[in-house]
Structures are given as structure tokens and as C-alpha cells.
Amino acid sequence: MCGIVGYIGQRDSVPIILDSLARLEYRGYDSAGIAVINEQGLRGSKSVGKLARLVSLLHDDPLHGSIGLGHTRWATHGRPNDVNAHPHLDCSGSIAVVHNGIIENYAELRERLKAQGHRFVSETDTEVISHLIESHDKGDVVEAVRRTLAELRGAFGLGVISSKDPSRLIFARNGASPLIVGVGENEMFVASDIPALLQYTRETVVIQEGEMVVVGSDGYKLTSFEGAPIERKALRITWNAAQAEKSGYKHFMLKEIFEQPSVVKETLAGRIDEDYDVRLEPELGSIDDELLRSISKICITGCGTAYHAGMVGMYLLRSLVGLPVEMELASEFRYGDPVVDPATLVLAISQSGETADTIEAAKIAKGRGATLLGVCNVVGSHLTRLDDGTLYTRGGPEIGVAATKTYTAQVTAMILAALHLARVRGTVPPQRLREIARATSLLPAAVDVVLNESDRIKRIARTMSEAQSVLFLGRYINYPTALEGALKLKEISYIHAEGYAAGEMKHGPIALLDRRTPVVAVVTSGHVREKILSNVAEAKAREAPIICVAHADDADVADIADEIIPVPRVDPLLAPIVNVAPLQLLAYHIADFKGCDVDQPRNLAKTVTVE
Ligand code: F6R
């Protein structure tokens, strides 16, 4: 989605803004722009296409100024082109606005402003904001922004500069459009995502819904839209700049796949005690043992990859806690009359903590009295402010658009949550829980073993890169593994892929199979191993090339598979963490062979802050 950055200080803002925008490229965008204030007034440049195009424009026609705004746009209203790129100006050319989100009442505002003589040049909803500020500007731009905010409907994050008041930047947030102020020494930074700030500062202030911040080079003033002062101290983030670098890997996605052993380790750290009991009490806020003993149902929600992690959680919780567990996509949950009540524990899973559908689902759950547990990777994000307790995944910044290490971290969090609940509710003998917890602590080493198969997977990927369509099969707790494998492949390689519960094959998808349609099946140990082996045999009988994620010593798999990607034997309940890594690598190598833009696949955004 759109990226916003701002700078005010003693340095030239242009290189800082361009560097910060480059760090937001991963979020997906189609045009970029910048506006600065200098002795000549407000000056800017913008261009459709990648940031490199803007950089080359600025090379030919340089800009300077110690206060500025930058933007990467992901088109909603109006095509991606130079004119629709942000920043957008008012008639006088003294006010510049960058915006993320949607202004729902822009059409009516635009008509009114046109009738007052304002001239519009773009097709965007954003342009009404600069004109509206101009119409309210009686010499105090902050007041004019305040009046403008009172008239805007929709979810937005926006940034404003005015050459009539060149000593401050103004930002406002309504809804799921993150904005973070970075506090420096006599300089201040603002960005819509943390990786854009990490080069400059780790002291951050998260702007929340309904808040406005006026930023000068020596500090910031936070208020409500109406002007009521808000005190919030800066929070030091633990992520560092190196985590947001490629560190010698060809792509961020590959680096992030290889970070998984350490991410699992980090997510487990301090949460399993020396007796192998999982103890999450200190982190879960008001979700204490008594509350957990009183719930009668669990409901899990999220989008995309986070949804798949939730599905693994569903199987774990059913198996270990024995409560009814429902799973629903957040985009369906919000419109599907969800049956949740004060006796329901709702788990909302989101890497970013800003996904619009997940946030809305979480609000609905809260509104119906449910207890909300957020599973999230970003400290201070929207979800973590709504929930009753947050179980943080400790994945660090994920730059590749395709989620990999954060999925593994989410599944790790699901294992922890299930072990914690099972202990508190006494649903599984403590010895068995400790056995699983001990096996969990060995997972980082098991994932490492799988990653060593990267070359073999690359060889298989070369053949598969010719395929038009690929079917991924799994059952039970590895059904979500199959879904995730298919999602990874389609989003980065643009090859059609479907994940299926293997038992469902003969109810339809088997019709797709022929010798040109590879089938990737997850056939590891557990009570469904023989069942899925039969399903794979059915696919083999239709001449589909068979690739199995399986144990190296499984003779039955060796008989049937054309290719085997070996994975170590772990407790079947923990296998999704080990089994997903080869599927991530398979998708990565296929996309790389095809020459796809692995880290920034077409049409996709890292964080989906619109419905
Ligand atoms: C796929 C992917 C997406 C996200 C989804 C939810 O690789 O990254 O499917 O998982 O958009 O995002 P979060 O977890 O930020 O809510």
C-alpha cells in the first residue's frame, strides 16, 4: 500500500526521503513523489513507475530543502500516472499533501470545492485534501488541517507541508493507516512503517487513530483531531537497520527464509521454562488463567498467510485443549454474523497488526464481549492496542512481500498458545505437554536441516518452472501447509496453484491432473500418513509428476514419488514448521528461474490497509 515519509531538521531532506522511500518499496507501489520547502517555496517532483525513475528525474533536475514529504502510491482512485502520483497541491502551489487510504466523501467535497473555484488536475481522492486545507487557511495551517479533518470521511494517514509555515510538518491518522514519528537529535522523521526509520533512529512514537501530530525539528506535539493534547513518550524499538538489509542474499525473501531457525528460537525465548512448561502469563495482560479456564469456545481469524498459521493453531488447540475452535477469514468474519460472546476467546493473527479486515474483525469481536488475543509482529501496531493481550511473534522486520519467517513465527506462537492453554486448563497430562515443549525447543535445528536442501529444491524448481498449474496436497495439520505452499507459489511466480485437503481431490480437482500438472504432497508421519499416500497414488495414476515432502527413509513414498524433499521426523503436531520451509524455497527458486520480481510481486502490497 502507499508509503509516507517526512523529514525536518538541519540536513537536506531529499536523500533522506529517497532512502526512506526505498525502504518502503517492499510494500508495493506504482508511482512515487517528493515535495520540499526551500528558499524558492514549495518544490516537488513525481513520477509513475519505480522510485529509480524519480531518482533519475531528481538527478537531472535536483531539489533541496531541509523539510520535505515523500510518497509511494498504490493506486485506488485514478490510474497510476504522473499526475495522480502524490504529493498533491492546492491552487496556489503552497500546500502539499501525501495520503494513504481512501477519502470516502471525496466526490461531494470535490464538487463543492470546484463550485468555489478550485481547479483539480488529478483523478485522485487525495487532491480534495490540499484544496480543502487551502479553503480553510486563514493564516494558521495547523488550524486549517484541523478543520479539514473534521470534514473528511474514511480511513487515512496523511502528511501536509505548507510553504507559508516552513517550520513544521503536520500528520494525521484515522483508521488503519500507520504513521510513526522517529525522534532524532535536532531532526525528526515520520514514516508509515518502521523499516523506513531504522537507518536514522529507533526512538519512535506511534500515532494512533484520531490523532494529529505537528512535527518541528526539535520535537513533536500530539493532539486529538479536536486539539486536545496527548502525552506519549517515545518507545525504543528493538529492530535494527541490519535486519532490514539483504546481507548478501539475492533477495529479501531468501534471506528471510534462512532466518527462520533464529526467528523460531527468538519467538520461543523465555517462554518455555527450565521444566519445559510454557508460561505466557506475564505477556497476556488481562487474559489470565482464571479467564482462560472460563472460556467455552475459541475463534481464530486473520488474512492470507496469517489465516493459514491460524489454521495450524486450530488443529493444535482442538487436539491439546479440546475446545470447539472456529476458523474464519477476517474479511468473512466481519460480514458473517460471527457467533462470539463473552465466553469466546478470539485470536486475531496479523504480522503487521494493521490489516484492515483483521482490525475490523477484532473490533467486532470486542464489541460482542469476546476476549481478544492478538498475535502480532509489530510492537504498538493497531491490533496490539485493541486486544486484551498480545502474544508477540519476534520475526523482526519482514521486507519480502511474501510472508515467510513471520508465518513460521506465527505457527510457533500457535504452539505456545496451545501448550499454555492446555496447561492452564489441565487438558493434557503435564508429561505429554513437556514432551511437546521440549520437541518445540528443538525445532530451530530441524528447520536448519531442511534449509540445507536448498540446492536439491532448486533443481526440482527448474523443472517445475515450466508448469502452468500446480496442486499442493496436505491433510489435517498439514492441510494449511499445502495452502501456504500454493499461496507462496502463486503470489511470487504467477503460476496457478491450489492447495487442497488431499481427501477432497476426488470430489473435483482430480479432473485437473495430467502429466503437465505437478502435485506437491506433504506426506510426513502421523495418523493421516497412509491416507494421504493413497491420495498421492490416485494422482500418480493420472500421470501427474509427484513431488513429496517426506522423510528420507519412507520406502512407501520412495515407491511413488518422482522427487522427494527430505524433512526430519518431528512430533506430527509440530511438523508444519518443518514442512513449510521446502515449499517456501520451491516457490522462491521457481519465481527466480522465471525472472519474477520476488520481493515485490505485481499487484501486491505488504500490508493491506484498505478493505
Ligand atoms: C502472503 C502474505 C499475505 C499476508 C496478509 C495478512 O505472503 O503476506 O497473505 O499474510 O496480507 O497480513 P498481516 O499478517 O500483516 O495481517
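P87 is located in the loop that connects β4 (67–73) with β5 (88–89); strands (E, at least two residues) and helices (H or I, at least four) are DSSP runs, numbered from the N terminus. The peptide bond leading from H86 to P87 is cis, with omega near 0°. A further backbone feature occurs at Y276, which has a positive phi of about 65° although this residue is not a glycine. Y276 belongs to the loop between α7 (260–268) and α8 (289–294). Most residues other than glycine have a negative phi, and most peptide bonds are trans.

The model is predicted, with local features requiring pLDDT of at least 70 and side-chain atom pairs counted only at pLDDT 80 or more, whereas totals for chains, interfaces and linings use all residues. Residues are numbered from 1 along each chain as its sequence is written, and side-chain values use heavy atoms, with hydrogens and water left out.

The chain is divided into domain 1 (3–245), domain 2 (255–441) and domain 3 (449–593), the bounds coming from an automatic or database domain assignment. The centres of domain 1 and domain 2, taken over C-alpha atoms, are separated by 34 Å. To their contact (heavy atoms within 4.5 Å), domain 1 contributes 17 residues and domain 2 contributes 15 residues.

Helix α13 (residues 405–425) packs against helix α20 (residues 575–593) at an angle of about 170°, and their axes are 10 Å apart. Axes are lines fitted to C-alpha atoms, for helices over the stretch in contact, and angles run from 0 to 180 degrees between N-to-C directions. The two helices, α13 and α20, are therefore roughly antiparallel, a term applied to angles over 145 degrees. On the α13 side, Y407, T408, V411, T412 and I415 take part, meeting I577, V580 and Q584 of α20. The residues of this contact comprise 5 nonpolar, 3 polar and no charged. Here Ala, Val, Leu, Ile, Met, Phe, Trp, Tyr, Cys and Pro count as nonpolar, Asp, Glu, Lys and Arg as charged, and the others, Gly among them, as polar.

Grid points are joined across faces, edges and corners, and a volume is the space filled by probe spheres set on the points. The structure holds 6 cavities of 30 Å³ or more.

The largest pocket has a volume of about 600 Å³. Of its 33 lining residues, C303, G304, T305, K606 and V608 lie nearest the centre. By class, the pocket lining has 15 nonpolar, 13 polar and 5 charged residues. Domain 2 and domain 3 each provide at least three residues of this lining.

Conventions:
Angles under 35 degrees count as roughly parallel, over 145 as roughly antiparallel, 65 to 115 as roughly perpendicular and the rest as oblique. On a 1 Å grid over the protein atoms alone, a cavity is a set of points where a 1.4 Å probe fits but cannot get out, and a pocket is an open set with protein on both sides within 12 Å along at least five of seven lines; lining residues have an atom within 4 Å of a point.
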